[in-house]
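Student: Could you take me through one part of this structure closely, and then relate it to what lies elsewhere? I am new to it and would welcome a single connected account.

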Amino acid sequence: MSGPVDLEEADWHALAGDEIGSLLGIGLTGLSSDEVDRQASCFGPNALPKAARRNPLLRFLAQFNNTLIYVLLAGALAAALLDQVVDAAVIVAVVIVNAIIGHIQEGKAEQALEAIQQLIAPKASVVRDGIRQTIAVAEIVPGDFVLIEAGDRVPADLRLLHARRLLIDEALLTGESVAAEKHEAVLPVETELADRQNMAFSGTLAAAGQAHGIAVATGTHTQIGRISSLIQSVEQTATPLLKQIDHFARRFTWFVLAGGLALFAFAVLFRSYDWINALIAVVALAVGIVPEGLPAVITITLAIGVRRMAGRNAVIRKLPAVETLGATSVICTDKTGTLTRNEMTARRIITARHTMLATGSGYVPEGHITIDGPGDQTEAMANAMPLIRCGLLCNDASLHKLSDEWRVEGDPMEGALFALAMKAAVDPERARAEWERLDEIPFDAGHRFMATLCRGLDDRAVMFVKGAPEALFAMTSPNELAYWEGAITAAANHGERVLAFGAKEMPTGSERISFDDVGTDVQLLGLVGFIDPPRVEVRDAIAECRSAGIAVKMITGDHAATALAIARQLNLTDDPQVLIGLELEKLSDAELETAVAEVSVFARTSPEHKLRIVRALQAQGAIVAMTGDGVNDAPSLKQADVGVAMGIKGTEASKEAASMVLLDDNFASIVSAVREGRTVHDNIRKVISWEIPTNGGETLAVVLAILLGFALPMTATQILWVNLVLAATLGLVLAFEPTEPGAMARRPRKRGAPLLSPFLLWRVVLVSLLFAGITLGLFFYMLGQGRSLEVARTMVVNMFIVAEIFYLFNVRYLHMTSLTWRGALGTPPVLIAICILLVGQALFTYAPFMNAIFDSRPISMADCILLFMIGLALLLLLEAEKHVMRRFGWFTELNG
Ligand code: ATP
């Protein structure tokens, strides 16, 4: 066997089929398992090395690259120079702990996203051990027999053995934007790379057609591997929200620093504070009030959302989609495979004279075909045989029995035709061997048919065609059109998907077919009706959408009557209206905008129609999620606010254009993702409504003290302590909040509704004032009781923490009361965070070494009870406010 170097230097394009085989030391019909193992150990996986991750040390150091941290460190230096060693040490400790938390959080978020990327690792079709199978691209080895279809990314460098209308977009490799046409003929040795039409290069995209070939180079030995070894990097985009908050935090930092400077000057000049203490206090406050930790917490919230969505079979490819999903107001979905199971069974066979019914379920090729109604069974069967044979020969799929289960390799409808042939006692392998395939026109959603040219044992050349009935009627011009249309309506009303079949005798010796050959003289053989049951869970998912104010539109390539029957079965709307592609074409953009509001089923549509539908919906202000699977769906997937590709039946091209991929192709998974999207958005709002007012309250209390000239209610180091323990505990838990009950009973939020709604702003002001009022009140009360300044300050610090805990319970439910069992019990992250916080506070208050560092003092049991009672009163007050807001409808008004 040849080594990798030989393979790279071989002129594959100049070799004929058998020469390729002998150079690789293999046959040209696919490898056996043994050969695969041998090649794999010789050549390794078909993968390019990953872009190196950022060095952990550099990532850690990057945590310090922040204006506030510089100021804080400068403060520490000043403190150290002035012999305030404890203060300096506390500041340094705070900075380091903060960096460690940030570092761990970032690493976790990155890991979670990376692990999820693995779920949608690309797949490829190969023939091994004589069976067509789908494997991970990384498992391909040189010598593999690889099949390519429109929409696939070429998985390795291939020498094509057979290419039909194959157009490959090689822009990645050559920069040429026009797709190159490929064929299998041998080329001269000196042909330039860009002109090697019998080669398909790894990483390029099949835009149309069909082909198969032999993998001649994999991994780093491919052309793309040689150009760049670092092509696969994890896509890391900031979301609009993150950018907005980051931007805000940066600008706010400067504002706060300016304010801090003024305050510091005021404190030293007019209030005769000790300058180093004033400096540290002001810096500590600045650090507290700038929500510099917010982007990190929001990233975590998003990452958790991404992970939860993956758990529900929705894999996010582009992070901003997580935010948009929650606001989705219209879901446009395919029918086949998304609303239905895409497990086809041929049920009804209609010929010119008879209708026959096939029994059996799924792909199990066992069942009977019997005449429906009066007539001669033998005659009916004889009439049906050409149709059944056509269904087998105009077909790329096959069925295999794997541990008692019959599985389809290829298109499910074609699998059903394979099973039908077996029920009619046809041996598929033998029939396909007797009718050698010479050429084909692959199926395309644009022309809606497929044709093959086959040569029989008697040298007859016959073209077999199957496709949408309208497409076949155009070729065959049948006499009894009314009969056929009646039959289609009858089958479609049962929700059956109807396919028509035709054949044409071609001149003996024909080796190619073209679109001209399909144009005329095709003889109509009959129709087959397939059942494809709706997915059970979809009905509930649609009901959930309806209660959540999300409209669902079915956009399908299928017949209007079939689509409508399925829409009714699923209760898509009370009275679904249908619009077919041809009518849609006649509408102006403005007319379409009106139509999309009323119509819920779009039938016989092509990918271009989808694009117009999304645009029309968006023009109406809708936020649109749109599904797609074909190579031509990429534009509408990109146009949609959330493009959703199918993980199982979708092409690589559609997956790359999409922002989310469904692992199970199931509509219900989109709805789960929307629910998680709403949860993420709620949680981000909860994080903000918790974090900003708590910082605000602290700042207000200290600023008032300085302005009015009384003793600081907390020392600088105490402020740092509060910031630190809160950031490490309660600041994180809201990211983990589960979905609020009723999340899917609300209308979607409006496009462009601000995150900081009037309600949140009101909350910021109210809670800041309450916090400042309570703590200052307590401070003066304690001093008035003759307690020492140190005890009063310890009480203030503990008051802050207790108030934060109670306020957290209030914020956990933004849309309903928190005074329920469920609300009181909390979640594990909440309880763990509170436990850690209470231990921290106990140390702060009672441990002698902490008393020494932070100048804190032990407090009595009665003091603790007082703190608890004030916290509880705060919670009740805020719950009453929530109730009033909801009662008078101000909540929704203020929420935008
Ligand atoms: P959806 O858009 O909901 O997934 P669909 O699968 O019916 O629906 P297309 O794949 O665009 O949409 O198919 C459109 C029509 O083309 C089908 O209704 C059928 O009549 C015909 N068709 C589909 N697959 C094949 C095939 N493999 N061979 C021939 N005709 C086909």
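Tutor: Helices (H or I, at least four residues) and strands (E, at least two) are DSSP runs, numbered from the N terminus. Ser329 lies in the loop that runs between α12 (320–325) and β9 (330–333). The model is a predicted one, in which local features need pLDDT of at least 70 and side-chain atom pairs count only at pLDDT 80 or more, while totals for chains, interfaces and linings use all residues. Residues are numbered from 1 along each chain as its sequence is written, and side-chain values use heavy atoms, with hydrogens and water left out.

Ser329 has a relative accessible area of 18% and therefore counts as buried (buried is under 20%, exposed over 50%, partly exposed in between, with a 1.4 Å probe and protein chains only). Apart from neighbours within four places in sequence, Ser329 is in contact (heavy atoms within 4.5 Å) with Gly549, Ile550, Ala551, Ala622, Ile623 and Pro748.

Asp334 pairs with Lys610 in one of them, with the closest N and O atoms 3.1 Å apart. Since Asp334 sits in the loop between β9 and β10 and Lys610 in helix α23 (residues 607–619), this pair ties together parts that are 276 residues apart in sequence. Asp334 and Lys610 are both buried. In another salt bridge, the side chains of Lys335 and Asp558 meet at 2.9 Å, N to O. This pair also links distant parts of the chain, with Lys335 in the loop between β9 and β10 and Asp558 in the loop between β20 (551–555) and α20, 223 residues apart. Lys335 and Asp558 are likewise buried.

Asp558 also meets the side chain of Arg497 in a salt bridge (3.2 Å, N to O). Arg497 belongs to strand β18, so its pairing with Asp558, in the loop between β20 and α20, ties together parts 61 residues apart in sequence. Both Arg497 and Asp558 are buried.

The buried residues of α17 are Trp484, Ala487, Ile488, Ala491 and Ala492. They cover an arc of only 125 degrees around the axis, which puts them on the same side of α17 (the arc is that of the directions from the helix axis to the C-beta atoms). An α-helix has 3.6 residues a turn, so residues three or four places apart point the same way. The buried residues of α17 pack against β10 (345–350), α16 (469–476), β18 (497–506), β19 (523–531) and α20 (560–570). Exposed Ala482 and Asn493 are carried on the face turned away from the buried side of α17. After α17 comes Gly495, with a positive phi near 80 degrees.

Gly752, in the loop between α28 (730–733) and α29, is exposed, with a relative accessible area of 73%. Gly752 lies 126 residues from Met626 in sequence and 19 Å from it in space, C-alpha to C-alpha. Helix α29 also holds Leu769, which counts as exposed because its relative accessibility is 52%.

Notes:
Salt bridge = Lys/Arg side-chain N within 4 Å of Asp/Glu carboxyl O.
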